[in-house]
Structure formats: structure tokens, C-alpha cells
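Let's take a walk through a protein model together.

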Amino acid sequence: MSGGIRALAAAAALSLGACATRPSVLPALMPQATAPIELRETPFFPQAEYQCGPAALATVLKTAGVALKPDNLVDQVYVPARQGSLQVELLAATRRAGRIPYLIEPTLAALRAELEAGRPVLVLQNLGLDLLPVWHYAVVVGIDPAGDQVILRSGVERRLRSRATTFLRSWELADNWGMVVLRPGEMPARVTQQRLLTAIALAEPMLSVEARKRAYRTALEHWPESATARFGYAHALHAAGELSAAEASYREIVSRHPRHAAALNNLAGVLTDRGCHTQAVAVANRALAVATDDQPGLVGPITETLRSLPASAGDEDRCQQVDEAVRIH
Amino acid sequence: MKDTFRKMVAMLLILSMSLLGLPAVSLAAPIGTDTLVQLDQRGELLSRIETQLARDDVRAQFLQRGVSPTEVDARIAALSTEELQMLSMQLDELPAGGSLLAVIGVVFVVLLILELVGVTNIFTKV
């Protein structure tokens with residue numbers, strides 16, 4: 001069937017007198033990247049009916065050390081009435097697997113950079129038209145500039161070599177959407193701070209405390225100035241029961257950003273756990289005042305913190321000293 | 001008679017005490033980094049009620065579209081508030097990557113013609 005169609009298409013092309021030679025696009029798009037690259041070890045899961053989503057996801061998860069078969073993922077990402085899977089559900093399933101889904105910058109250069117770092121890229125393609133879309137997920141495993149081809153794990157094809165123009169058109173019709181799967185603590189090849197921190201933060205509720213510590217610690221090493229990275233790290237430390245480390249981290253945020261309502265609120269929580277009630281109440285009240293002005297969205301959670309603080313028991317001795325630190329800021 | 005009265009008083013007491021106890025029982029969790037990054041420019045969050053409505057709505061839409069009732073809650077739990085809201089508003093318009101077998105009927109004929117003319121490349125399996 002497909003052979004027949006191809007023959008027909010070829011005949012049609014000939015009869016229309018279509019250009020016989022097509023210019024190579026890859027060398028023009030990326031003149032520096034002349035070396036071919038292919039991640040041959042990338043596993044392959046031929047898709048069952050309609051299920052390129054689970055198959056493509058299983059492929060990139062496996063590369064990041066998660067052994068889930070497409071069949072295990074169908075229940076997590078497939079929507080029967082849509083006969084397919086939604087992009088955000090691929091992200092959600094990645095989080096459930098204890099990994100961080102990172103959306104790459106929508107460029108061919110970013111895609112190549114991930115391949116060079118050893119990570120295959122799960123892409124959305126529109127194989128049809130803007131008005132008549134045919135959505136499909138595949139995994140890019142290689143780029144061959146000399147042959148002007150992109151190499152994919154796609155559908156039932158283990159090693160699909162797609163003409164670069166064809167691939168790029170289908171990818172562009174899907175807004176160049178591509179994701180890689182990161183182990184907690186791993187950095188993407190081309191990273192933007194906000195993109196990565198958002199990716200980690202949205203995965204946070206699904207990650208183990210250890211994974212969160214690892215992910216935020218790496219982020220903090222890259223961006224020591226990032227309040228969000230430090231916040232995530234402090235939050236993980238608190239969850240791990242490392243109270244004095246958590247307190248130190250929150251205090252550092254507050255000393256640099258005195259109006260960081262969320263950090264103040266969480267600092268109050270750590271202080272409570274340390275038995276420093278007077279101080280916890282003072283800090284939580286400050287959090288509330290700041291949030292009322294700057295971040296009305298946090299007023300609710302901070303009010304809850306205040307309400308949950310135990311009616312002041314006697315503070316422990318060591319708290320007095322810490323009090324000074326809060327007053328300075 | 002006296003017993004019933006006593007029982008009622010006891011019930012009332014239990015009820016009022018449990019209500020009194022509520023605020024103390026609600027354990028305030030620290031604010032998560034996921035919440036922090038979802039604050040918008042004006043420092044607002046989707047309210048708890050709006051979030052719950054979006055969640056309920058997506059749940060109902062998923063169930064209608066054949067998602068297994070035993071799986072639906074776990075799937076929703078892994079979505080961010082923003083993602084939930086997006087699904088709630090446009091679940092049927094968002095791309096759903098599936099197999100090419102999903103292309104049927106008129107769509108198939110139109111695409112086949114376009115394929116022959118060389119506009120699309122579905123059947124050469126891109």
C-alpha cells in the first residue's frame with residue numbers, strides 16, 4: 001500500500017516536473033555542525049495502535065534510567081476519545097517517574113545540543129496541515145548534515161531517516177515542541193534559568209526529598225544568586241528534617257530579599273519546628289504584611305501558617321540569639 | 001427523656017469542640033516551590049476554589065473521554081495549576097499525538113491528494 005502510494009507520488013512529482021535536486025538545508029542552517037551524530041543505543045518501542053505517545057515517552061524515560069514499557073504508560077497518558085496523548089500529560093507522567101521534563105528551546109541548534117549531550121529528544125510533529133493537523137510523537141536520535149537527514153525512532157520504524165526539510169516543516173507546524181528527560185541533578189545542554197527552575201518546581205511534588213535536594217543543589221551551583229533555587233533547596237532540607245541547614249538557607253534568601261514573603265513564611269515553619277515560637281510568630285506576621293502588599297496570592301497560605309502556630313510555649317534558650325539575626329534584616 | 005436531652009447536649013458539645021479544634025488541626029504546610037513559580041506578575045495565584053473547579057472539570061472531561069476512573073486522580077495530581085486550567089478550557093483543541101491510523105474519512109482523502117501533489121509527507125512516514 002505504502003509502496004503504491006510512493007510510486008504514485010513519485011509519478012505525480014515527475015509529471016509536475018518538480019525540482020529533481022533539492023538544496024541541502026542542514027549545512028545552511030548549521031554551518032558549523034558538520035559532524036553526523038546518532039545515539040544508536042537509544043531503545044526502540046514499536047508503537048501499538050494510536051500509541052506513539054506512550055512509546056516515545058518510554059524511549060526517552062529509558063534513556064534516563066526509568067524502565068517503563070509503553071503498556072505501563074498508556075494508563076498515564078492516553079486519552080481514548082482523542083486517540084492520542086496530550087503534551088502536558090507527557091510532562092506529568094515524566095514527573096510521576098521521578099524525572100524532570102525539560103522543554104528545549106524551540107530551535108534546531110538546541111535539539112542538536114541535547115543529542116550531543118547524549119539525550120534523545122521527544123518531539124511533537126504535525127504531519128498534516130495547519131488546518132488539518134495530524135499530530136504525532138517521535139524521538140529524534142540523530143542528525144546527519146551530509147545526508148541532510150534527521151534520524152528518528154518513529155511509529156514502527158526503528159531508524160527512520162527523514163529528509164531535513166520534511167522533518168523541520170512538520171516540527172515547525174508543532175511549534176518546534178521538544179522535551180528531554182532529566183535525572184534530578186542533571187543540567188540540560190542549553191539551559192535557561194527560569195525554564196529549568198520552573199521544570200524542577202513543577203516536578204517537586206512528585207520527587208523524593210533526596211531527588212529535590214540534588215536538583216536544587218545543582219541549580220544553586222549554577223546560579224548562586226537565584227532565590228528560587230535556594231528556596232527549593234531550603235524547602236527540601238526542611239522536608240528532610242535538616243532544620244538548621246533549612247533555616248540558614250531561608251535566612252540567606254531573606255537577607256538578600258527582605259520582602260520574600262514565601263521564604264519568611266517557610267522560615268516561620270522551620271522556627272516552629274525548632275521550638276522558637278515567639279520568633280516564628282514575628283516572622284510569620286512579617287510574611288503576612290509583605291504578602292498583603294506584594295503578593296496577595298500568598299496571603300491565604302500565610303494566614304494558615306499563622307493560625308497553625310501553637311499558642312506560645314516557652315521558647316528554648318538558643319532561640320534568643322537567633323532573634324538578633326532577624327532584627328538586623 | 002432525660003437521656004435524650006443528655007445525648008443531644010453531648011452531641012452538641014462534641015460538634016462544637018471538634019469545630020473549635022479545626023484551625024489547630026489544619027497543619028500548615030510550607031509554601032512549595034511549585035506555588036512560588038506559579039505566582040503571576042501581580043503576585044496572584046489561582047484561588048483555591050478556581051483550582052478545585054479546574055481540577056473537577058478536567059476530571060469529568062477525562063472520564064467522559066474514556067480515561068480509567070482508577071487512574072484519573074493520579075494523572076491530575078501530576079499536572080500544574082496552569083496545565084489544569086489549560087486542559088479545562090481546551091482539552092479537545094490541544095494536539096493529541098496519536099498514530100497515523102487516526103487519520104480517517106474525508107481527512108484521509110484530502111491528505112492523500114495533498115500527499116500526491118507533494119504538499120504533505122505523511123505516507124512517506126516523514
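What follows is a short tour, starting with chain B and ending in chain A.

Keep in mind that this is a predicted model: local features need pLDDT of at least 70, side-chain atom pairs count only at pLDDT 80 or more, and totals for chains, interfaces and linings use all residues. Residues are numbered from 1 along each chain as its sequence is written, chains are lettered from A and ligands numbered from 1 in the order in which they are written, and side-chain values use heavy atoms, with hydrogens and water left out.

Let's begin with chain B, which has six helices and one strand. Read from the N terminus, its elements go α-α-α-α-α-β-α. (Helices are DSSP runs of H or I with at least four residues, strands are runs of E with at least two, and both are numbered from the N terminus.) Of the 126 residues in chain B, 33% are buried, where buried means under 20% relative accessible area, exposed means over 50%, and partly exposed is in between, using a 1.4 Å probe and protein chains only. The chain exposes about 7900 Å², and carbon and sulfur atoms supply 67% of that; such areas come from the Shrake-Rupley method with a 1.4 Å probe, and for residues only the protein chains shown count as cover.

Now find two helices of chain B: α3 (residues 48-64) and α5 (residues 81-90). Their axes come within 9 Å and cross at roughly 50°. (Axes are lines fitted to C-alpha atoms, for helices over the stretch in contact, and angles run from 0 to 180 degrees between N-to-C directions.) That is why α3(B) and α5(B) are called oblique to each other: under 35 degrees counts as roughly parallel, over 145 as roughly antiparallel, 65 to 115 as roughly perpendicular, and the rest as oblique. Which residues make the contact? On α3(B) they include Ala54(B), Val58(B) and Phe62(B), and on α5(B) they include Leu84(B) and Leu87(B); contact here means heavy atoms within 4.5 Å. An α-helix has 3.6 residues a turn, so residues three or four places apart point the same way.

Over to chain A, where helix α4 (residues 70-77) has Pro70(A), Leu73(A), Val74(A), Gln76(A) and Val77(A) buried. Their cover includes α3 (52-63) and α5 (87-96) of chain A, together with α4 (72-77) of chain B.

Next, look for Arg112(A) in helix α6 (residues 108-116). Is Arg112(A) buried or exposed? Arg112(A) counts as buried because its relative accessibility is 6%. Leaving aside neighbours within four places in sequence, its contacts include Met30(A), Ile37(A) and Pro145(A).

Our last stop is the stretch around strand β9. In the loop between α7 (164-172) and β9 (178-182) you'll find Asp175(A), with a phi near 60°, a positive value in a residue other than glycine. Asn176(A) lies in the loop between α7 and β9 too, and has a positive phi of about 50° although it is not a glycine. Asp175(A) is exposed at 67% relative accessible area, whereas Asn176(A) is buried at 16%. In the strand itself sits Met179(A), buried at 0% relative accessibility. Its C-alpha atom is separated by 9.6 Å from that of Gln87(A), 92 residues apart along the chain.
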